[in-house]
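Please read the following points with the sequence and the model side by side.

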Protein chains: 2
Amino acid sequence: MTDAAAGTPASPPPSPWERERPARVHVAPARTPLSRERVVEAAFAVLDRQGLEGLSMRQVAAELGVAVSALYAHVGSKDDLLELMYTRLYDGFEMPEPDPRRWQEQVREYARSGRRRLLSHRDMARISMAHVPFTAELLPHVEALLAVFRTAGLPDRIAAEAGDLISTYIDGFVLEEGMWRDRAARHGGDGSSLARPDWPEMADEMQNYFASLPPEDFPHLRALAGLIVSDSSDERFDIGLEIILRGLASYLPDSAAGPDQDAGRAPDAT
Amino acid sequence: MTDAAAGTPASPPPSPWERERPARVHVAPARTPLSRERVVEAAFAVLDRQGLEGLSMRQVAAELGVAVSALYAHVGSKDDLLELMYTRLYDGFEMPEPDPRRWQEQVREYARSGRRRLLSHRDMARISMAHVPFTAELLPHVEALLAVFRTAGLPDRIAAEAGDLISTYIDGFVLEEGMWRDRAARHGGDGSSLARPDWPEMADEMQNYFASLPPEDFPHLRALAGLIVSDSSDERFDIGLEIILRGLASYLPDSAAGPDQDAGRAPDAT
DNA sequence: ATATCTTAATGAACACCGTTCTCCCGGTGA
DNA sequence: TCACCGGGAGAACGGTGTTCATTAAGATAT
């Protein structure tokens, strides 16, 4: 493409059997070296912009201005890349020093910050759901969480399940949040470049739909409609969390009489 | 659609947020009746044989000995097909008549049979996790579940969350089960046509791994290792379920004194 | 300075994927 | 009898993850 001069007889196009020599066009503007970290970073950029469906190796490569195959020198496979993204979610995740008197508040804090991290990247809950934290980098976090439960005095069988239980709850809750968000986006932004959430309108439609159900067949759904499509996801998250915490607390040896003083509603998350 | 579940309440009109399906199945088949039902059936066959990654329109078509494009006369899209599979999971799912005195046992039964259904098809939990039961066919089930919670006397805010909570728990638990199963299969059956689970060997390896962790850094993980990789998934499922049930029970107006007589450990003991 | 080795990036290729389009066959209603 | 039309066939389009041989560039050794 360099020599398209008009005056000189143009070279014929190369015959198919002779290998075309690129003649060193468009090379090397002294770019920063590609690294695993940069690949993961670009993957997050693509994920946030296009969602998990749009997260392809080619898109990541395009984000970096690099060939697709160059990525495989740093990540091994797409699954590998997703696992790196999953692991990176927990970078700098501070785990509490177990304090038996504050264990419920500590779990609350863990769960809320976990949800916050999941919400910080689009479709991140879907990625998290597909992975298990039993890798070398993540085991310390699991240990710290189990420490909270066990030093709180929970029986071993309960403590062992508690970790899975709240982790699954966090992932599942945020995943469902994302599904509603996507649905609302598809609802409002029809093919437009920018799909605005349009959540209030959709919540209204759902309310109307629930209200239109035959009252004799769906009394409870109608009664709870307002709470189910509640616009305050934070509150819903805290309620589910509290249910689990109360269930765990009931296994404390000294909890012969219901929830302790710390098991009330959370003081409204920010 | 011709044979709706007889025992369950009638399906309401489709909600506005669920995508409209062509639903052009009305012609009486004269010859080979390639029907929506047969497509879904073939999809399940492929799913069970090849897993979710191997479930492609082309594979389904091959299963039926038919061209790929023929499928689109009956299902509209792959997402549509997945939703049909998700919906079919609940076919013939009998929901209990709410009985305030047996509500915990009713929830236990619901959860266990839900898990059983999820386990009846490979990777089904992943499909279930990606969907929401607020479609016309599934709303009656949601209603019935909420009925159990509400007639049990749970406050509305709690009952509204309880449905999501245990549904998420069931899906999440089975999804994790499947992940371990896959990992074990990849572990033992290396490329072979038949990947045997080989679970005991992998459980041993995990035990060894946990045991090899530095005791001063991972005391709790080491202490709980045996319970975490327990070979009895049924028991683990029941324990997590019991935690949730106890948490819910704590919101009952008359539960000033901890768990009631029905909230003990599941009958199956270690 | 020259030759060699190493590393990372390239572009083409492969085998798939979901979806759509056109074409054609065969049974049905008039 | 004949036009019609729905359902299946087959090819095609643009996209996917991954692999391969080749090349450009830098470092090292002679």
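1. A salt bridge is a side-chain nitrogen of Lys or Arg within 4 Å of a carboxyl oxygen of Asp or Glu. By that rule, A:Glu161 and B:Arg236 form a salt bridge through their side chains, with 2.8 Å from N to O. In total, four salt bridges are found across the interface of chain A and chain B.

2. This is a predicted model, in which local features need pLDDT of at least 70 and side-chain atom pairs count only at pLDDT 80 or more, while totals for chains, interfaces and linings use all residues. Residues are numbered from 1 along each chain as its sequence is written, chains are lettered from A in the order in which they are written, and side-chain values use heavy atoms, leaving out hydrogens and water.

3. How many residues of each chain are in contact? Taking contact as heavy atoms within 4.5 Å, 61 residues of chain A touch 66 residues of chain B. The buried area, meaning the accessible area (1.4 Å probe) that two parts lose on being put together, summed over both, is about 5,900 Å² between chain A and chain B, and carbon and sulfur atoms give 71% of this area.

4. A pair of aromatic rings is described by the distance of the centres and the angle of the planes. Rings of Phe, Tyr and Trp (its six-membered ring) pair if their centres lie within 6.5 Å; planes under 30 degrees apart count as stacked, over 60 as edge-to-face and the rest as tilted. Over all chains, the count is 18 aromatic pairs. The B:Tyr169 and B:Phe237 rings are stacked, because their centres are 5.3 Å apart and their planes stand at 20°.

5. Buried means under 20% relative accessible area, exposed over 50%, and partly exposed in between (1.4 Å probe, protein chains only). B:Tyr169 is buried at 6%, and B:Phe237 is buried at 1%. The rings of B:Tyr209 and B:Phe210 are tilted, since their centres are 6.2 Å apart and their planes are at 35°. B:Tyr209 is partly exposed at 36%, whereas B:Phe210 is buried at 1%.

6. In chain A, ring pairs join A:Tyr86, A:Tyr90, A:Phe93 and A:Tyr110 into a cluster.

7. A charge sits over a ring if NZ of Lys or CZ of Arg is within 6 Å of the ring centre and within 35 degrees of the ring normal. The charged end of B:Arg115 sits over the ring of B:Phe237, 5.1 Å from its centre. Likewise, B:Arg183 has its charged end over the ring of B:Trp180, 5.7 Å from the ring centre.
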